[in-house]
Amino acid sequence: MAPTTGVAGGHVERMLERYRGLALGALLDDVPDGGPRYLYDLVAEYPRRWGKGLRAALCLATCRAFGGGGAVGLNAAVTVELFHNAFLIHDDIQDESEQRRGGRTLHAEYGVGVALNVGNMTNLLALRRLAANRAALGSGIAWRLFTETELMMRHSLEGQALEIGWIRDNVCDLDADDYYRMCLKKTSWYTCIYPCRTGVLVATGRENAVDVLDRYGWYLGAAFQIQDDALNLTGDYARYGKEIAGDLWEGKRTLILIDFMRRCTPEERERLVRLLSRTRAERTDAEVRWLHGRLLAYDCVESARRSARDLALAARREGERALGAAADTEDGRFLLELTDYVVERAR
């Protein structure tokens with residue numbers, strides 16, 4: 001696959017920047033001024049930090065690739081970004097994460113109560129954006145966008161429940177299929193499938209066509225998540241922007257960790273189970289360093305990356321099939337080139 005520093009990678013970065021700028025500008029313009037302290041000013045905190053803008057770009061590029069012109073998809077893209085940022089705030093609290101996009105998480109900086117309220121307000125602003133579709137697109141499409149959002153949120157919350165349940169119950173008998181099931185629900189639906197479905201819907205108005213990119217989105221989202229898991233262990237903090245080895249501190253059952261559970265010695269497995277049975281606060285630097293070293297020694301990270309590359313190839317094939325002639329447009333090429341980008345990116 002071509003690295004993101006090549007011609008294709010440069011095109012992806014430019015398109016991401018363009019669409020992120022459009023969505024971010026519209027999002028920030030819509031955040032109310034004034035109000036109580038620790039609310040609207042913090043709604044804008046995560047969006048203003050650097051980010052890829054992948055979800056908004058998927059929505060806008062899909063809309064344009066399927067014939068949507070002008071700013072018809074912008075409201076949907078902003079809705080996607082608002083829900084994403086609300087998820088980040090709440091996810092950081094659940095994971096007890098310390099870093100997000102190169103800075104302290106909202107709950108680490110301002111406390112859990114403030115962060116929860118900001119996340120709830122961000123969701124409310126997203127719902128307000130959904131309601132605005134009635135005037136712009138008509139009641140029928142607006143209602144279908146609402147049902148698409150309900151479906152995305154249900155899948156995402158079910159996926160989150162799987163992940164936090166595994167941690168809470170110290171589940172250690174998982175396999176790759178368990179991970180992919182969780183990943184489909186938690187990551188693929190809201191990162192890729194939902195943005196693509198809403199982009200198709202606002203472009204075409206055809207309710208029976210919204211699923212045309214579902215397979216593309218499923219494979220792309222899984223590849224994206226596995227690369228994120230790998231970067232969490234091997235990335236450069238200055239570029240990655242999140243706590244290195246944070247997944248190990250949090251006890252997340254990544255494909256990388258599941259592979260190690262399958263291949264490690266009985267003694268290593270016993271030590272791992274004991275480590276994972278403790279809370280984040282109870283784990284020590286030495287234990288996390290040991291586990292980090294074992295994952296690298298067993299080549300679990302590179303094994304997971306190979307799986308991500310296979311998924312990215314599958315996403316490209318599905319994208320080519322679904323896009324048809326639109327694959328030769330600027331936005332069609334961008335959607336296909338994203339399959340390389342998600343597995344070669346450094347942040």
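## Aromatic rings

Rings of Phe, Tyr and Trp (its six-membered ring) pair if their centres lie within 6.5 Å; planes under 30 degrees apart are stacked, over 60 edge-to-face, and the rest tilted. In this predicted model, Tyr179, Tyr180, Trp218 and Tyr219 make up one aromatic cluster. By the pairing rule, the count comes to nine aromatic pairs. Tyr38 and Tyr110 form a tilted one, with 6.0 Å from centre to centre and 55° between the planes. This pair links distant parts of the chain, 72 residues apart. Tyr38 sits in the loop between helix 1 (7-30) and helix 2 (40-43), and Tyr110 in helix 6 (residues 106-110).

Tyr38 has 34% relative accessibility, so it counts as partly exposed. Tyr110 is partly exposed at 35%.

## Ground rules

Residues are numbered from 1 along each chain as its sequence is written, and side-chain values use heavy atoms, without hydrogens and water. Because the model is predicted, local features need pLDDT of at least 70 and side-chain atom pairs pLDDT 80 or more, while totals for chains, interfaces and linings use all residues.

## Overall build

The protein has 17 helices and two strands. These are DSSP runs numbered from the N terminus: helices are H or I with at least four residues, strands are E with at least two. The radius of gyration is 20 Å, close to the 20 Å that the globule rule gives for 347 residues, so the protein is as compact as a globular protein of that length. That radius is taken over C-alpha atoms, and the rule is 2.2 Å times the number of residues to the power 0.38.

Along its principal axes, the C-alpha trace spans about 60 × 50 × 35 Å. Buried residues make up 59% of the 347 residues.

## Salt bridges

A search of the whole structure finds 30 salt bridges. Each is a side-chain nitrogen of Lys or Arg within 4 Å of a carboxyl oxygen of Asp or Glu. Glu163 and Lys186 meet in one, at 2.5 Å from N to O. Glu163 lies in helix 8 and Lys186 in helix 9 (residues 176-204), so the pair ties together parts 23 residues apart in sequence. Both Glu163 and Lys186 are buried.

Arg181 and Asp178 also form a salt bridge, at 3.2 Å from N to O. They are three residues apart in helix 9, so about one helical turn separates them. Arg181 is partly exposed at 46%, whereas Asp178 is buried at 19%. Elsewhere, a network of salt bridges links Asp95, Glu98, Glu250, Lys252 and Arg280.

## Charges over rings

A charge sits over a ring if NZ of Lys or CZ of Arg is within 6 Å of the ring centre and within 35 degrees of the ring normal. The charged end of Arg271 sits over the ring of Trp290, 4.2 Å from its centre. Arg18 lies over the face of Tyr19, 5.8 Å from the ring centre.

## A nonpolar surface patch

Which residues form a nonpolar patch on the surface? They are Leu124, Leu127, Trp143 and Phe146, with about 420 Å² of accessible area together. Helix 7 (112-137) and helix 8 (139-168) are the elements that give two or more residues to this patch. Patch residues have over 30% relative accessible area and no salt bridge; like charges are joined within 9 Å, and nonpolar side chains (Val, Leu, Ile, Met, Phe, Trp, Tyr) within 5 Å. Areas come from the Shrake-Rupley method with a 1.4 Å probe, and for residues only the protein chains shown count as cover. Leu124 lies in helix 7 and is partly exposed at 48% relative accessibility.

Notes
Buried < 20%, exposed > 50% of the residue type's maximum accessible area, 1.4 Å probe, protein only.
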